[in-house]
Amino acid sequence: MGAQTSYGYKTAKGIAGGLYDITTYENNTFTTPGGVPFGYGVVKGENPGSDVKLPDADSTAEDFEGVVQNGFTTMQDNEGNAVPEKGQSIGVLKQGKIWAVVGEAAVPAYDKPVYLIVTGDEAGRFTTKEDTSEKLALPARFVGGADNGIAPIRVQAACVAEKEESKA
């Protein structure tokens, strides 16, 4: 049974892992090692193309698979958290606009480059250049500012980003 556990006067603009709008997007299915929250960035897992994991210090920008999308099929636990369990199928947005979880030091604004935090407690969250965390530059841009710890980002598929770089 679902129950509202918090109240406020402001409605959040989005939810972590929720689509930002209905523009064209690409979402692929992967299995999760468990404990990867919606709205976090993930990289190739042990079986590339089949599973994903949170990034670590050894991750590269080429390992980036996308952002874990909230498919609204994961039940909340007793603390109100909805986090996919180990072995569960999850959607990962590879291209499109999505509400992503940002790090505490992130200063998102329209058209700023997006970075993926790869170490510490915030690994998998997104940030900006000003953040001193260890991070990777991604083929992505912020679409707007932060709201309740999430911000909209536009993720470009790697092949699209490579074509744009070769034109420069």
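The order from the N terminus is β-β-β-β-β-β-β-β-β-α.

This is a predicted model, in which local features need pLDDT of at least 70, side-chain atom pairs count only at pLDDT 80 or more, and totals for chains, interfaces and linings use all residues. Residues are numbered from 1 along each chain as its sequence is written, and side-chain values use heavy atoms, with hydrogens and water left out.

Take the whole chain next. It has 168 residues, and 40% of them count as buried. Buried means under 20% relative accessible area, exposed over 50%, and partly exposed in between (1.4 Å probe, protein chains only). Contact means heavy atoms within 4.5 Å. Among contacts with a separation of 6 or more, 60% join residues 24 or more positions apart.

Now the interior. A nonpolar core is a set of buried Ala, Val, Leu, Ile, Met, Phe, Trp, Tyr and Cys residues joined through side-chain atoms within 4.5 Å. The largest has 17 residues; Phe64, Val67, Val114, Phe126, Leu138 and Ile153 touch the most other members. Strands S4, S5, S6, S8 and S9 each give two or more residues to this core. Apart from it lies another core, of twelve residues, including Val36, Val52, Val101 and Ile150.

Val43 sits in strand S2 (residues 41–44). Val43 counts as buried because its relative accessibility is 1%. Its C-alpha atom is 6.2 Å from that of Leu54, eleven residues apart along the chain. Beyond four places in sequence, the contacts of Val43 include Leu54, Phe64 and Leu116.

Charged pairs come next. Side chains of opposite charge can pair when their charged atoms come close. A salt bridge is a side-chain nitrogen of Lys or Arg within 4 Å of a carboxyl oxygen of Asp or Glu. The structure holds six. One joins Lys97 and Asp21 (3.4 Å, N to O). Lys97 is in strand S5 and Asp21 in the segment before strand S1, 76 residues apart. Asp21 counts as partly exposed, at 25% relative accessibility.

Another joins Asp111 and Arg141, with the closest N and O atoms 3.9 Å apart. Asp111 is in the loop between S5 and S6, and Arg141 is in strand S8. Both count as partly exposed, Asp111 at 38% and Arg141 at 32% relative accessibility.

Terms used
Helices (H or I, at least four residues) and strands (E, at least two) are DSSP runs, numbered from the N terminus.
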